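Have a go at each task before you peek at the solution.

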Amino acid sequence: MINSIFEAILQILSHPPSRREHGYDAVVLLALLVNYRKYESVNPYIVKLSIVDDEATLNGMGLVIAQALSEYNRQYKDKEEEHQSGFFSALTNMVGSMFIADAHEKISVQTNEAILLALYEAVHLNRNFITVLAQSHPEIGLVTTPVSPVPTTPATPLGTTPPSSDDLMVEFIVTHMMKEFPMDLYVRCIQVVHKLLCYQKKCRVRLHYTWRELWSALINLLKFLMSNETVLLAKHNIFTLALMIVNLFNMFITYGDTFLPTPSSYDELYYEIIRMHQSFDNLYSMGTRISSQWK
């Protein structure tokens with residue numbers, strides 16, 4: 001920690017040729033340095049990352065993270081297509097879906113936890129990174145794709161394209177419901193969504209995004225927690241995660257008028273909540289039942 005390499009890492013991320021060759025390693029290294037003895041002593045990398053305001057550097061970091069997670073999603077989809085090919089495989093999938101699969105029965109793709117950690121730390125520590133992330137569009141292969149401008153008004157700025165970060169969070173939520181439940185990663189995933197919503201609320205940024213996909217994913221996650229409470233409660237405090245999900249819906253209900261793109265989005269939100277009200281009722285009943293057992 002005496003000889004800081006923070007500036008060198010930032011230089012790699014802000015310089016396209018260096019970023020293409022060493023960007024992934026630089027982001028992973030930065031995530032490791034930020035977490036080194038994080039709660040035991042003062043970590044200078046945490047302080048320095050929190051005050052970075054150079055747009056080229058932050059955008060470079062976002063590009064590296066987006067590319068790495070897009071590659072993971074591509075690998076998962078390729079494995080999924082292989083897994084579902086053929087009549088016999090389709091039949092076994094149908095039968096297997098009636099039960100919770102063990103980790104080895106799931107589609108095996110190595111989770112890129114280092115990049116997820118880097119995304120979490122960047123969003124958690126640096127509010128400028130949230131700004132770059134919310135205003136950027138998804139890039140593939142580190143190449144900027146031209147986007148047709150969308151009319152905006154000064155009072156209600158509109159995002160030009162759906163944010164890749166929300167897509168990645170939804171993808172993670174719906175593809176990791178398994179018996180070997182990655183609780184820590186789910187908590188960080190929900191925290192990332194919450195941070196992005198807080199930024200949108202604060203700055204009144206309205207993104208063109210199909211929010212219904214996120215709402216559906218969150219409700220399905222609640223249903224998974226409740227239907228497998230016996231297995232999950234033995235290892236995790238699932239109520240912490242359930243509370244975070246409910247708080248997200250409360251945020252949409254209370255402040256959605258500041259960041260949802262259209263009035264009809266509010267209608268879709270209430271329709272989804274009313275349609276799936278039984279899930280929230282069941283969560284309340286489960287919480288009441290478990291709390292009474294603990295007394």
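Predicted model: local features only at pLDDT ≥ 70, side-chain atom pairs only at ≥ 80, totals over all residues.

**Exercise 1. The overall picture**

Work out how many helices and strands the chain has, and what share of its residues is buried.

*Solution.* Next, look at burial: of the 295 residues in the chain, 44% are buried. Finally, check the contacts with a separation of 6 or more: residues 24 or more positions apart account for 75% of them.

**Exercise 2. Naming an aromatic pair**

Decide whether Phe-181 and Tyr-186 are stacked or edge-to-face, and whether each one is buried or exposed.

*Solution.* Two things describe a pair of aromatic rings: the distance of the centres and the angle of the planes. For Phe-181 and Tyr-186, the centres are 4.6 Å apart and the planes are 10° apart. Planes under 30 degrees apart count as stacked, so this pair is stacked. Now for burial, where the cut-off is under 20% relative accessible area. Phe-181 has 5% and therefore counts as buried, and Tyr-186, with 0%, is buried too.

**Exercise 3. A pair that links two parts of the chain**

Find out how the rings of Trp-211 and Phe-259 are arranged, and which parts of the chain the pair ties together.

*Solution.* First the geometry: the centres lie 6.4 Å apart, with 65° between the planes. Over 60 degrees counts as edge-to-face, so that's the label for Trp-211 and Phe-259. Then place each residue. Trp-211 sits in helix H10 (residues 211-227), while Phe-259 is in the loop between helix H12 (238-255) and helix H13 (263-275), so the pair ties together parts 48 residues apart in sequence. Trp-211 is buried at 2% relative accessible area, and Phe-259 is buried at 0%. Last, zoom out: Trp-211 and Phe-259 belong to one aromatic cluster that also includes Tyr-209, Trp-215 and Phe-252.

**Exercise 4. Two helices crossing**

Describe how helix H1 (residues 6-14) and helix H2 (residues 16-35) are oriented to each other.

*Solution.* Take the axes: those of H1 and H2 come within 7 Å and cross at roughly 140°. Roughly antiparallel needs an angle over 145 degrees, so H1 and H2 are oblique to each other. Their crossing is left-handed. As for who makes the contact, H1 brings residues including Phe-6, Ile-9 and Leu-13, and H2 brings residues including Pro-16, His-22 and Leu-30.

Note on methods: Residues numbered from 1 in each chain as written. Heavy atoms only, no water. Phe/Tyr/Trp six-rings, centres within 6.5 Å; stacked < 30°, edge-to-face > 60°. Buried < 20%, exposed > 50% of the residue type's maximum accessible area, 1.4 Å probe, protein only. Helix = DSSP H or I, 4+ residues; strand = E, 2+ residues; numbered from the N terminus. Axes fitted to C-alpha atoms, helices over the stretch in contact; angles between N-to-C directions. Parallel < 35°, antiparallel > 145°, perpendicular 65-115°, else oblique. Left-handed = near helix turned anticlockwise from the far one by under 90°. Contact = heavy atoms within 4.5 Å.
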